[in-house]
Amino acid sequence: IDMINDSEDLKKYLTNTYVFPTIIATERPDRCAKSLSNGKVVIIAQESPTALILPAFLIDFLNPFSDYYTKDFTISMTKILRFSCFFLSMIVPAFYIAIISFNQEAIPTKLILNFAIQRTGVPFPAVIECSIMLLLCEILRESDLRFPNKYGSAISILGALVLGESAVSAGLITPIMIIVTSFTFITSLVFPEIEITNTLRVYRFAFLLGSSFFGLYGFLLMFLLFLLNLYSTES
């Protein structure tokens, strides 16, 4: 804050607040050595086991450091899988809301009739239903981070199964929404770093908000904003 002297510095300071992470926190000496050899900066604080690597790019989080120890052909297939999971985790709920609420003509007749039958008796609109389920998944993820590693994941899975089955039995959530949110949650588990997980969380709800107002047009608008934000991110 002391470095801000005029309005232009203030504008630059405010616009440098990005959704995408620009710093990597790591405890691996080999990753720090590799980053230094690639021309990056490593910050080490006294009495802290964590080093900070900067600048960090989106590709650094999609391709973890362990890829350097694997054969090129097999890791290329894994990279394709990670990129697919990144986008699917971000856009699947919004895409479902767009086609089920605004663009039903994009769904085959038999499938849309099946969706309509499942929604019979559900008191909430699809967007509210999806928001509730995503919020529950995020709560389970946060609780998983706070529990000890030995049984944290087991409790999260058990909680998701119990909540999902109870919600469907009570007629509050449709089965297809359980499938959509479960698929979204599973694909996001590919990325263990909390920084990129927070980015996915923000854009997932942003896509959902755009699709809930304008359908596929809002979905495409949010995708353009996503690309603009990604392009304009600086370290």
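Analyst: Happy to! Let's begin with a term: a salt bridge is a side-chain nitrogen of Lys or Arg within 4 Å of a carboxyl oxygen of Asp or Glu. Also, this is a predicted model, where local features need pLDDT of at least 70, side-chain atom pairs count only at pLDDT 80 or more, and totals for chains, interfaces and linings use all residues. Residues are numbered from 1 along each chain as its sequence is written, and side-chain values use heavy atoms, with hydrogens and water left out.

User: Okay, how many salt bridges are there in the whole structure?

Analyst: A search of the whole structure gives 4 salt bridges. In one of them, Lys40 pairs with Asp60, with the closest N and O atoms 2.7 Å apart. That pair links distant parts of the chain, since Lys40 is in the loop between α2 (29-37) and β2 (41-44) while Asp60 is in helix α3, 20 residues apart. Helices (H or I, at least four residues) and strands (E, at least two) are DSSP runs, numbered from the N terminus.

User: Is Lys40 buried or exposed?

Analyst: Lys40 counts as buried, at 17% relative accessibility, and Asp60 counts as buried too, at 16%. Buried means under 20% relative accessible area, exposed over 50%, and partly exposed in between (1.4 Å probe, protein chains only).

User: What does Arg28 form a salt bridge with?

Analyst: Its partner is Asp30, and the closest N and O atoms are 2.8 Å apart. Arg28 is partly exposed at 35% relative accessible area, and Asp30 is partly exposed at 25%.

User: And what does Glu138 do?

Analyst: The side chain of Glu138 meets that of Arg201 in a salt bridge (2.7 Å, N to O). Glu138 is in helix α6 (residues 126-146) and Arg201 in helix α9, 63 residues apart. Salt bridges with shared partners join Glu138, Arg201 and Arg204 into one network. Glu138 is buried, with a relative accessible area of 10%.

User: New topic: which residues have the most contacts inside the largest nonpolar core?

Analyst: Those are Phe86, Met90, Phe191, Phe207 and Phe226, in a core of 22 residues. A nonpolar core is a set of buried Ala, Val, Leu, Ile, Met, Phe, Trp, Tyr and Cys residues joined through side-chain atoms within 4.5 Å. The elements giving two or more residues to this core are β3 (51-54), α3 (58-62), α4 (72-101), α9 (194-214) and α10 (216-232). Another core lies apart from it and has 19 residues, among them Tyr96, Ile176, Met177 and Leu208.

User: What is Phe207 in contact with?

Analyst: Leaving aside neighbours within four places in sequence, Phe207 is in contact (heavy atoms within 4.5 Å) with Met90, Ile91, Ala94, Phe219, Met222, Phe223 and Phe226.

User: Lots of Phe there! How many aromatic pairs does the count come to?

Analyst: The count comes to 12 aromatic pairs. Rings of Phe, Tyr and Trp (its six-membered ring) pair if their centres lie within 6.5 Å; planes under 30 degrees apart count as stacked, over 60 as edge-to-face and the rest as tilted. One of the pairs is Phe20 with Tyr203, which is tilted: 5.5 Å centre to centre and 35° between the planes.
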